[in-house]
Amino acid sequence: MHYNLKGVFALLLPIFIFAYSQSDINNLSKNKYWHILLHYKNNVSEMDSPDFFLAKDGKYSPYEELNATIYYLQYPKYTDDNSTYCKFPARREWIKEKLPNLNIKTQNCIELNKEINTIKNVKSVSVIFPTILMNSPASMFGHTLLRLDDKNGDLLNSFAINYAAITTDTNGIIYAFKGLAGMYQGKFAVVPYYKKISEYNEIKNRDIWEYKLDFTPKEIEKLKLHLYEIKDKWAYYYYFNKNCSYEILWLLEAARPSLDIVYKFDYKTLPIDTIKEMDKEHLIVDSNFRPSKRKIILYYYEHIQHKALVKDFLATYDVKKLEGLSNQEKQYIVDFAIAMLRYDYVVKHMKKNRYLKKYINLLKIRSKLGKEKPIKVAKPSNPLTSHNSSKIWTAYKKDTLLIGIKPAFHNIYDLNNGFTPGAYIDFFKLQVSVSDITKLDYFYFFNIKSLSPRNDVFKPVSWSVDLGFERFKDDKLYSTLKTSAGITYQIGNFLYSMDINIKHFYKNKYYIGLAPELYGEYNFNFSKVVFDYQRNFFDFKTFNELNVRYIQGITKQFNMDIGYFKDINQNSFFVGFNYYFL
């Protein structure tokens, strides 16, 4: 709705002045909470949906939008659910509080009351963090959403508040590209939490961390009112900053305006950063971990002693094949079979009729084996213990000082506390060398490495892709594209992979090379050892690349890096320091 208010306010200005002067309205339009409700930053709203504004220039003028809202609360254009009174309840309640003498026309908001009543049994709010998804560039930062916790403790049937790009694209690379360019609209959706559990925990096999927030009942009501105002509205979605994690911050500040989180995020907003800011604001009071379906499947499999029987049982579901086993062993095998069947149905799109027939048969078998013991999947380190996502480093080698920076996120030379080992992604990483002259060593638009471990049950392919510029032949700067594919295994804290790299370099002439690679890392509690060896085969030269590093944590955001590296142009020992920041 766009209205030209100039003529209207010229006639009705005396009415406003009678109760409140225009200076009062002007001062009120500068109030922090008004800017929160309209999502203003630097007096420009970040909402792009035209029907979110009542004034023609409301997106760019907090004053005009406040004037318009006051006017339509007193002189409604509609008297049903389309009225300002019903469509913008959070604005209305705040204006009533600040301007109690306004003659606001009370209306019966059928749709508003219905939706608020649907989510009325809320005792608390939790922020939900599905962690990094291996093998998906679009999801390697993780995701955040909110959950309105049901008063009766039925969390699975509680409502989840999710913000996402509206898209039908399924290719992760295309999604990431369009998301970076702001080519999607982003919207909020309110859905049952069990659907998000199914999507993230089962279909995408992501661990989920749930953080309970310290909100009062009054603050929860404020959040719900503002949610109603924006749930059907949209803003342009930007993968790197105006994303799922950023937009829910407006809801949190609408609930508690004393928070100061939104304004801390401009150029990038990563899920892990927002959760840490909530923790700094003392919002988080409790945490809970939900393991992925894949981890539950592996839990059952690892506890099975007679693994040779598993394949035969999965093929036939013949109970006779389990004769002579202990009841506990039978439970593990059948529970494993049920979990694998569910996985195949959800992930591999098994036909429903076939799935139900097998599922019912397995449930009959399982019902005769007694009650299941509680599952105790090993809990990884809490993401709150991880380093910040931006990093600056300096190192010294021979007579040269190295200085580098990256705005995000996590790579093989960062400690894995709070992260998923093997899931690495960096954006806009650069390094310069300072000696007699200063030169750019490299600049990468992105470095992605997905080292997803294989086992007896799951056999993913590891891969990597790097795009940018780096010094290569004759120590000159070349554009480069590197890709790899291989296999990864994990034994305890030791992760190792064997890959084949294809490397493309260009500077007036193309150079294409093949490089077998052996990579390994061992993760300690607060330190890490990395070994990376590649044998490069180019038409003009064959050479080795070697990088051996020891990273020792000093604090959570500061560590020491010692190592040796060799490439086509040089080799040297070095010592350096890394500092992480928001």
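Modeller: Let's start with a cut-off: a residue is called exposed when its relative accessible area is over 50%, and buried when that area is under 20%. Keep in mind that this is a predicted model.

Biologist: Fine. Why is N508 called exposed?

Modeller: The relative accessible area of N508 is 73%. Exposed means over 50%, so N508 counts as exposed. You'll find N508 in the loop between β17 (494-506) and β18 (510-523).

Biologist: And what is the phi of N508?

Modeller: Phi of N508 is near 70°, a positive value in a residue other than glycine. Most residues other than glycine have a negative phi.

Biologist: What makes N43 partly exposed?

Modeller: N43 comes out at 41% relative accessibility. Partly exposed is what lies between the buried and exposed cut-offs, 20% and 50%, so N43 gets that label. N43 also has a positive phi, about 65°, although it is not a glycine. Its place is the loop between β1 (40-41) and β2 (44-45).

Biologist: How do you know that T144 is buried?

Modeller: T144 has 0% relative accessibility. Buried means under 20%, so T144 counts as buried. T144 sits in the loop between β3 (122-130) and β4 (145-150). Leaving aside neighbours within four places in sequence, T144 is in contact with several residues, including V127, F129, N162, C244 and P271.

Biologist: What makes the pairing of the T144 and S245 side chains a polar contact?

Modeller: The distance there is 2.7 Å. The cut-off for a pair of N or O atoms is within 3.5 Å, with one able to donate a hydrogen and the other to accept it. The T144 and S245 side chains are listed as making such a contact.

Biologist: Why is S292 called buried?

Modeller: S292 has a relative accessible area of 3%. The limit is under 20%, so S292 is buried. It lies in the loop between β9 (284-290) and α13 (293-302), and beyond four places in sequence it touches N201, N205, R206 and D207.

Biologist: Which peptide bond is cis?

Modeller: The one joining A408 and F409, with omega about 25°. F409 belongs to strand β12 (residues 408-410). Most peptide bonds are trans.

Biologist: What lines the second largest cavity?

Modeller: Among the lining residues are H387, F526, K556 and Y580. β20 (542-555) and β21 (558-566) each supply at least two residues of that lining. The lining divides into 4 nonpolar, 7 polar and 1 charged, and the cavity's volume is about 90 Å³.

How values were computed
Residues numbered from 1 in each chain as written. Predicted model: local features only at pLDDT ≥ 70, side-chain atom pairs only at ≥ 80, totals over all residues. Heavy atoms only, no water. Helix = DSSP H or I, 4+ residues; strand = E, 2+ residues; numbered from the N terminus. Buried < 20%, exposed > 50% of the residue type's maximum accessible area, 1.4 Å probe, protein only. Contact = heavy atoms within 4.5 Å. 1 Å grid on protein atoms, 1.4 Å probe; cavity = no way out; pocket = protein on both sides within 12 Å on 5 of 7 lines; lining within 4 Å. Points joined across faces, edges and corners; volume = space filled by probe spheres on them. Nonpolar A, V, L, I, M, F, W, Y, C, P; charged D, E, K, R; others polar.
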